Amino acid sequence: MKRRNFIKNTSLSTAGLISASLLASCEDKKTITKQEDKKTIKPIAVCTWNFENANSKAWEVLTNGGNALDAVEKGAMAEEADIKNTTVGIGATPDRDGNVTLDACIMDKDGNCGAVVYLQNIAHPVAVARKVMEETPHIILAGKGAEQFAYEQGFKKTNLLTEEAKSRWLEWKKTSKYETIINIENHDTIGMLTMDKNGDIAGACTTSGMAYKVGGRVGDSPIIGAGLYVDNEVGGATATGVGEEVIRMVGSFLIVELMRQGKSPQEACEEGVKRIMAKNKGREDFQIGFLALNKKGETGGYCVHPGFTYRKATEAGHTNEEVDSFYKKKI
């Protein structure tokens, strides 16, 4: 064999060995990465504010092998049933006409979603929203149509206006002063995000909206992309506070897209709030709080004014997480 051919053949053989070695190494790394990713998938439940009972219920579903969708529904329902919460479900504060009207939405790992707006006489709007998602070709049902659908699905008519809530409303009517409260500590819209043992994410949001609102008003909570958004490839986000400001920015969708671009949940929530504040040019008379969860199980939250917190449940325990704010001092 000529020297030139010998060197050529030797080089090709060496290159082949190196290539095979590199390919094997890459495959090994891919396998290791997949194994590591799989190890990081652990159930987690988070919700806006310190709703201990709701988050514990969601966590119970997850630890018993349930899926993320069941967990957010059962968690939100626990809060809807709590008459001590004046802005969700039974016992919620009515609109200025004395009617308790409820909004809710739910979204699963496949992007399916359902919502109800301006729903009356039904105790669990989040469960009705799930029925809209699963039993109809629609996403949103409103008012009397949503109520009639709920009855057809077996939900019972319930008086949502408690005597305590009615007394507060009658007292409010003496002045009929409409104002936005910056924080309703531990009693506000509940937005919930969960990830199950399979790494799938779902979300839900339920509320009665602003106290003494104009009849017919709907905020961000039942609006997919505003009060809630889930993309199972990336993560999920939910919001609380003055819904009009969240709707204008399509807030929860924005948070998820920022995470898609590589931002952490914390970074995404901060950017979302800062964009809202840039549009509002120094306004201080409203609160917005964002909560986000990504596929790694990382969470983050950020708000306009101090006071917003979120509840978190993992294998490490259950905690109430305080978050940083755009404005540093309470007003």
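Leu228 stands opposite Thr238 of strand β8, and this facing pair belongs to a stretch in which β7 and β8 (residues 235-241) run antiparallel over 4 bridges. Strands here are DSSP runs of E of at least two residues, and helices are runs of H or I of at least four residues, both numbered from the N terminus; two strands pair if DSSP finds at least two bridges between them. The model is a predicted one, in which local features need pLDDT of at least 70 and side-chain atom pairs count only at pLDDT 80 or more, while totals for chains, interfaces and linings use all residues. Residues are numbered from 1 along each chain as its sequence is written, and side-chain values use heavy atoms, with hydrogens and water left out.

The open sheet to which these strands belong has 5 strands in the order β7-β8-β9-β10-β13, with mixed pairing. Because β7 and β13 (324-325) stand at the edges with a single partner strand each, one side of each is left without a neighbour in the sheet. Helix α8 packs on this sheet, where it touches β7, β8 and β9 (288-294), and its direction makes about 145° with that of β8. Helix α9 (residues 265-280) lies across β9 and β10 (299-303) and runs at about 20° to β10. Contact means heavy atoms within 4.5 Å, and the angles, from 0 to 180 degrees, are taken between N-to-C directions of lines fitted to C-alpha atoms, for helices over the stretch in contact.

A salt bridge, meaning a side-chain nitrogen of Lys or Arg within 4 Å of a carboxyl oxygen of Asp or Glu, joins Asp231 to Arg260 at 2.4 Å, N to O. Since Asp231 lies in β7 (residues 228-231) and Arg260 in α8 (residues 251-260), the pair ties together parts that are 29 residues apart in sequence. Asp231 is buried at 15% relative accessibility, whereas Arg260 is partly exposed at 38%, where buried means under 20% relative accessible area, exposed over 50% and partly exposed in between (1.4 Å probe, protein chains only). Arg260 also meets Glu257 in a salt bridge of 3.1 Å, N to O, and these two residues both lie in α8, 3 residues apart, about one turn of the helix.

Turning to the nonpolar interior, a core is a set of buried Ala, Val, Leu, Ile, Met, Phe, Trp, Tyr and Cys residues joined through side-chain atoms within 4.5 Å. Of the 81 residues in the largest such core, Ile106, Val128, Ile288 and Phe290 touch the most other members.
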